[in-house]
Structures are given as C-alpha cells and as structure tokens.
Amino acid sequence: MAKTVYYGTTMEEAQRIAEGDYATLVDGMIYTQAHLRLMPAIGDAERCRVKDEDQPAVVHLQIKYKSLSPGNKAKIRSARLMTDKEILHLTGYTFNRAGFGDLPSGIVVRLCHRDYMIECDGREYRCSLRRKLTPVLRSGSDKPLTVGDRVKLTLVDDHTGVIETVMGRTTAYGRTRVRTDGPRQTRRPSTVLANLSGLIIVNAALQPPLKPAMIDKFLVIAAFNGICPIVCLNKIDLVEDQQPLLDLIGIYRDIGYDTVMTSAETGEGIDELRAWMQHKTSGLVGTSGVGKSSLLNAIQTDLRIATKGVNERKGGRHTTSATQLYPLEGGGYVADTPGIRTLQFMNIEPQVLRQYFPEMQQLKEPCHTQPCYHTGEPGCAVKKAVEDGIMAPSRYESYLRFCGGR
Ligand code: GDP
Ligand code: ZN
C-alpha cells in the first residue's frame, strides 16, 4: 500500500531524504496520523530545529508499507521538498518571511474572544484571522494562534486588521494537557506562549523560603524549550547576612547561568534585570508571593500588573487570569500569565535529562558505565564530582528527583 505523507524536518535532513539517504528515517520510524496532515508536519519541522541556522522544511513522501504498526518498516518510494509556495497555498502558512515582506508585522499580545489583539508599530489592533487560515491552523492545536505569535497583517483602519499569515514559532512554551475522551486518555500539548525567549526564575531571599529545586526545574524546562533563563533572587533587602544568598547564586553563576539579585522595595538590581529583559519576550516564574508583580512594577510603572496588596485582598483579590504581553519601553515584551508558572515537566526522558545539567556535560572524566544515567552506577563521574565538591549536592538531588519524574 502506498501513502502520501508530509513529514516535517530540517532543511539538511530533508535534503538527505530527497537525495535518497533516508536510512535514519526508515529505521524505527512509525508513521502516525500526526504526520499525515500538513500542520503537524510544519510543527515538527519547526521543533526539530537544533541550531538557530537550521531551516525548517516539509518533505513530501510517497511511502509503501504492508501495515502501519510500530516496528514495521516502511519503504519510501519518493521524496521531495515541498516548496514554500505549495505550503502557503495549502495552509496559508509560510516559512519564507520574504513572501509577505511588504505587509506590516505584528505580535499577538492578547486573545480577544474569537479575535486577536495585535501590537504593530506601537499601536494595538483588533484582528480577525483570514478565513482560509482557521481550519489549517486549528488542526494541530487547541487554538489557532496564541499570545506571542508573530503575524503579518493587513490594516483595515486605525483599530482593526486582518491576519494574513503566521510566522514560524521559535519556541512554544506549554504544558501537556491530559484529556479524557470516553475511556481513552490522550495527552496533547497546549502552547501557553509562543516565541518566549527569556525566563526569569524568581525566588525570595526570605518569605516564602528559598526553593532551589524549583530553580533547577525551571532551568531544565527553559533549556528544553530553547529559552534563555536567568536566576533572580528577590527581596534581598530582607536579610542582613547575604553570604548564604551569594553562595546559592554562585552555584548557578559558576555553571554559566545568568543571575541577578534584586529588591523591588529598594530598587537594587532592577536596572540590571531591566537591561537583561530588553529585546526579549520574557516571562516570570516563581511561587506566589516571591515578588513577581512587584518586580514588574519596579521595572516599568505602566505595566498595569496589579500587586496583590493588602487592600486588594480585602476587597476581593484581583487576579489576571488571561495571558497578556506588555511592551517594554526599551524594546521587548513581558508576559504575565498564571499558565506559565504552573508548567510541569513535559515528558523529558531520563536519558535526555542529563543534557540539561551543564555541569554534568562539563566534567572531563567519563563515567565507567556507558551509558551512565548517574543514578548510582559504579564508577560514576558525576557522583564523584558531587563527593569532591565540584557539583553542588542540591543540583544532584534535583537531578535524581527529576529522573524519578518528580
Ligand atoms: P507575586 O505573587 O510573586 O506576584 O508577589 P507580589 O509582587 O504580589 O509580592 C508579594 C509581597 O511581597 C507583597 O506584599 C510585596 O510588597 C512584597 N515584596 C515584593 N518584592 C519585595 C522586595 O523586594 N522586598 C520586600 N521587602 N518585599 C517585597
Ligand atoms: Zn555517571
């Protein structure tokens, strides 16, 4: 039986498939329903970008198979790259930004019933989606577009416009939603924010107590999603002896992460954090009460994000439940969304988890057992690094905990 499959990949891999070197693809490949429609293939193409310069591409395959089940090998009859024009024609989607070069660019800052609030050149426009885009975009996810998506639009008047095309996402920060459809449970990814580029991981020096495991968790999530993280210790005005804080932040600085110590109260470190956020689309994560809203207000007074002060608690707490991007004066955006904070691990396998602990990658000595998951194998270099004081015990503890899926 033959079947037409649209398979998302990178340009380099696509070229190899098209030229006949598709051994890697055939071996162990299961053609799921997910590959049989174009939008998931586009999503795959974007996700499999490893380096910035990787070009996403969609390959059109004619495959031959006896039965489509796991373990079965499929034979590829023909393969060719789909052109941008073809993809655009079929989906209204383009990888090629030049195709819409003349149209103004915008960014989705808020969802608005069935429309989208788009920021374009410092103004907001309420925009609808060109109708031909709706069905194709919807097939791959919950909502056709999400906050942070970059679009090209036609402006209708001073307040409204039409979205003509959606740009490829660089990152898709989301969570896995478990749905129960009758007796079956399905997991589907739902994107909370598109194109997030900075993640500010906030902890309080005091009240609520420091949570190093939470820092480690979000560092992994950031790396997994290709987002640049910064470890932020707030409320440093509350402690006299700063040495324990410096020790903690030193752990992360030594591994190579960006760090900042702040006080939303005295303004210390705020300039530094503001500079870090420039030209990024950042989100803040951290448990309730660490000072996320206060930090945002200190960074820019007009961010309109309500701190949950005493008065407000009395009169019924004001909480922002909708995801929204706020433009920053020096360029860039900041997102405030409850969804971003509750994110859990997204199916990160123990085999790949160690990639997200840079200090493990930096060790010179290899482990005796290969492959080693550093969970107690004999002759483990990571275990030794912890014993020798090279790797922080708290980091290793987090690693073991995440390996256990927690
Ligand atoms: P969120 O839940 O993370 O958004 O935290 P909030 O911004 O609502 O702050 C919680 C409480 O901590 C508020 O009462 C703030 O006034 C207070 N707070 C926030 N940042 C600081 C800080 O740097 N120093 C001090 N002393 N208090 C702070
Ligand atoms: Zn090991």
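Here are some worked exercises on a predicted model.

**Exercise 1. What geometry do the four donor atoms around the zinc ion (ligand 2) make?**

Start by picking out the donors. The protein supplies Cys367 (SG), Cys372 (SG), His374 (ND1) and Cys380 (SG), and these lie 2.1 to 2.4 Å from the zinc ion (ligand 2). Along the chain, the donor residues follow the spacing C-x4-C-x1-H-x5-C.

Next, look at the angles. The four donor atoms subtend 102 to 117° around the zinc ion (ligand 2). Four donors count as tetrahedral if all angles lie between 85 and 135 degrees. The angles here therefore make the arrangement tetrahedral. For reference, the ideal angle for four tetrahedral donors is 109.5 degrees.

**Exercise 2. Find the aromatic pairs, then work out which residues form one aromatic cluster.**

A search of the whole structure turns up four aromatic pairs. Take phenylalanine 357 and tyrosine 399: their ring centres are 5.3 Å apart with 80° between the planes, and the pair is edge-to-face. This pair bridges distant parts of the chain, with phenylalanine 357 in the loop between helix H12 (350-353) and helix H13 (358-361), and tyrosine 399 in helix H15 (residues 393-403), 42 residues apart. Both phenylalanine 357 and tyrosine 399 are buried.

Now move to tyrosine 396 and tyrosine 399. Their ring centres are 6.4 Å apart and their planes meet at 15°, so this pair is stacked. The cut-offs to apply are centres within 6.5 Å for a pair and planes under 30 degrees apart for stacking. Tyrosine 396 and tyrosine 399 are three residues apart in helix H15, so about one helical turn separates them. Tyrosine 396 is buried, as is tyrosine 399.

Putting it together, Phe357, Tyr396, Tyr399 and Phe402 form one aromatic cluster.

**Exercise 3. Why can strand E12 (residues 228-234) be called largely enclosed by the rest of the structure?**

Count the buried residues. Six of the seven in strand E12 are buried, so the rest of the structure largely encloses this strand.

Then go through the strand's partners:

- Strand E11 (residues 198-204) runs parallel to E12, and seven bridges join the two. Alanine 204 has asparagine 234 in E12 as its bridge partner.
- Strand E13 (residues 258-261) also runs parallel to E12, with four bridges joining them. Cysteine 232 has valine 260 in E13 as its bridge partner.

Finally, trace the connections. From E11 the chain crosses through helix H6 (residues 212-224) to E12, making a right-handed β-α-β crossover. E12, helix H7 (residues 243-255) and E13 also make a right-handed β-α-β unit.

**Exercise 4. Which residue takes a positive phi in the hairpin of E15 and E16?**

First, set up the strands. Strand E15 (residues 324-327) and strand E16 (residues 333-336) run antiparallel, joined by four bridges. Leucine 325 stands opposite alanine 335 in E16.

Now check the stretch between the strands, which has five residues. The hairpin's positive phi belongs to glycine 331, near 105°.

**Exercise 5. Is glutamate 13 buried or partly exposed?**

Locate the residue: glutamate 13 is in helix H1 (residues 11-18). Its relative accessibility is 22%, so glutamate 13 counts as partly exposed. The cut-off that matters is that buried means under 20%.

Glutamate 13 and aspartate 54 are 41 residues apart in sequence, and their C-alpha atoms are 9.8 Å apart in space.

Note on methods: Residues numbered from 1 in each chain as written. Chains lettered and ligands numbered in written order. Predicted model: local features only at pLDDT ≥ 70, side-chain atom pairs only at ≥ 80, totals over all residues. Heavy atoms only, no water. Phe/Tyr/Trp six-rings, centres within 6.5 Å; stacked < 30°, edge-to-face > 60°. Buried < 20%, exposed > 50% of the residue type's maximum accessible area, 1.4 Å probe, protein only. Donors = N, O, S within 2.8 Å, 3.2 Å for Na, K, Ca; no water. Tetrahedral: all angles 85-135°; square planar, octahedral: opposite > 155°, others 65-115°. Pairing = 2+ DSSP bridges. Right-handed = clockwise from strand over helix to strand, strands pointing away.
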